[in-house]
Amino acid sequence: MKFLRLLLAWLVAAVVTAALGSIIQTQFNLAAIAALGASVPLGARLQTTLHDLAGFAPMFGLVGAAGFVPGFVVAALLSWRRPEWRALLYPLAGAAALVAAVLLMNGLLPVTPIGATRSAWGIAALGLAGLAGGAAFAALAPRSTRARTMA
């Protein structure tokens, strides 16, 4: 049962990150289009956002989910030693994991696959999506036995 709860927390973290990251990515791309002088009305923003939630979010969710595995393991080890830091460690691990994943992709691939990651602001904004995913994980994942006895 504990493993299923852990798995569900990881999946929810990936979905939260995917949804927020997709919205952020879309708005960065639309802002770049608007900066070129094109009109981007609210209806187009909403339609594009919904389209990207269906098309981009699943791929981004996989990136986040993969990055969360090592990040959350490190957070778990640290929070086992310092259970009072748990609520801070998982969001930080989520943000760090997502930033590391996009920087790794940008470094290894011949093109930048995620437009928002062409700037430091975009990478930081996507890191916030990982932060939210990490917070969701911290809220839903079971605590270790040691954390329950010390907290």
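I take contact to mean heavy atoms within 4.5 Å.

**Entry 1: ground rules**

The model is predicted, so I keep in mind that local features need pLDDT of at least 70, that side-chain atom pairs count only at pLDDT 80 or more, and that totals for chains, interfaces and linings use all residues. Residues are numbered from 1 along each chain as its sequence is written, and side-chain values use heavy atoms, with hydrogens and water left out.

**Entry 2: the whole chain**

I looked up the secondary structure and found six helices and zero strands in the protein chain. Helices here are DSSP runs of H or I with at least four residues, strands are runs of E with at least two, and both are numbered from the N terminus. The order from the N terminus is α-α-α-α-α-α.

The C-alpha trace spans about 60 × 30 × 20 Å along its principal axes. I noted 151 residues in the protein chain, of which 39% count as buried. Buried stands for under 20% relative accessible area, exposed for over 50%, and partly exposed for what lies in between (1.4 Å probe, protein chains only).

The protein chain exposes about 8500 Å², and carbon and sulfur atoms supply 75% of that area. The area comes from the Shrake-Rupley method with a 1.4 Å probe. Of the contacts with a separation of 6 or more, 75% are between residues 24 or more positions apart.

**Entry 3: Ala75**

Ala75 is in helix 3, which covers residues 57-81. Is Ala75 buried or exposed? Ala75 is buried, as its relative accessible area is 2%. Leaving aside neighbours within four places in sequence, I find Ala75 in contact with Leu89, Tyr90 and Ala93. I also looked up Arg86, which is 11 residues from Ala75 along the chain; their C-alpha atoms are separated by 7.5 Å.

Two packed helices are described by the angle between their axes and the distance between the axes. The axes are lines fitted to C-alpha atoms, for helices over the stretch in contact, and the angles run from 0 to 180 degrees between N-to-C directions.

Helix 1 (residues 2-35) packs on helix 2 (residues 42-55) at an angle of about 135 degrees, with the axes 9 Å apart. Helix 1 and helix 2 are therefore oblique to each other. The scale I use is this: under 35 degrees is roughly parallel, over 145 roughly antiparallel, 65 to 115 roughly perpendicular, and the rest oblique.

Which residues of helix 1 and helix 2 make the contact? From helix 1 they are Ala19, Ser22, Ile23, Thr26, Gln27, Leu30 and Ala31, and from helix 2 they are Arg45, Thr48, Thr49, Asp52 and Leu53. I sorted the residues of this contact into five nonpolar, five polar and two charged. In this sorting Ala, Val, Leu, Ile, Met, Phe, Trp, Tyr, Cys and Pro count as nonpolar, Asp, Glu, Lys and Arg as charged, and the others, Gly among them, as polar.

**Entry 4: three residues of helix 1**

Gln27 is in helix 1 and counts as partly exposed at 26% relative accessibility. Not counting residues up to four places away in sequence, Gln27 touches Arg45 and Thr49.

Neighbours within four places in sequence aside, Gln25 is in contact with Phe56, Ile114, Gly115, Ala116 and Leu126.

Ile33 lies in helix 1 too, and is partly exposed at 38% relative accessibility. With neighbours within four places in sequence left aside, Ile33 is in contact with Ala38 and Val40.

**Entry 5: helix 5 and its partners**

Helix 1 and helix 5 (residues 120-140) pack at about 155 degrees, with their axes 8 Å apart. That makes helix 1 roughly antiparallel to helix 5. By class, their contact has 17 nonpolar, six polar and one charged residues.

The axes of helix 3 and helix 5 come within 11 Å and cross at roughly 60 degrees. Helix 3 is therefore oblique to helix 5. Phe60, Phe68 and Phe72 of helix 3 meet Leu126, Gly130, Gly133, Gly134 and Phe137 of helix 5 in this contact. I count five nonpolar, three polar and no charged residues there.
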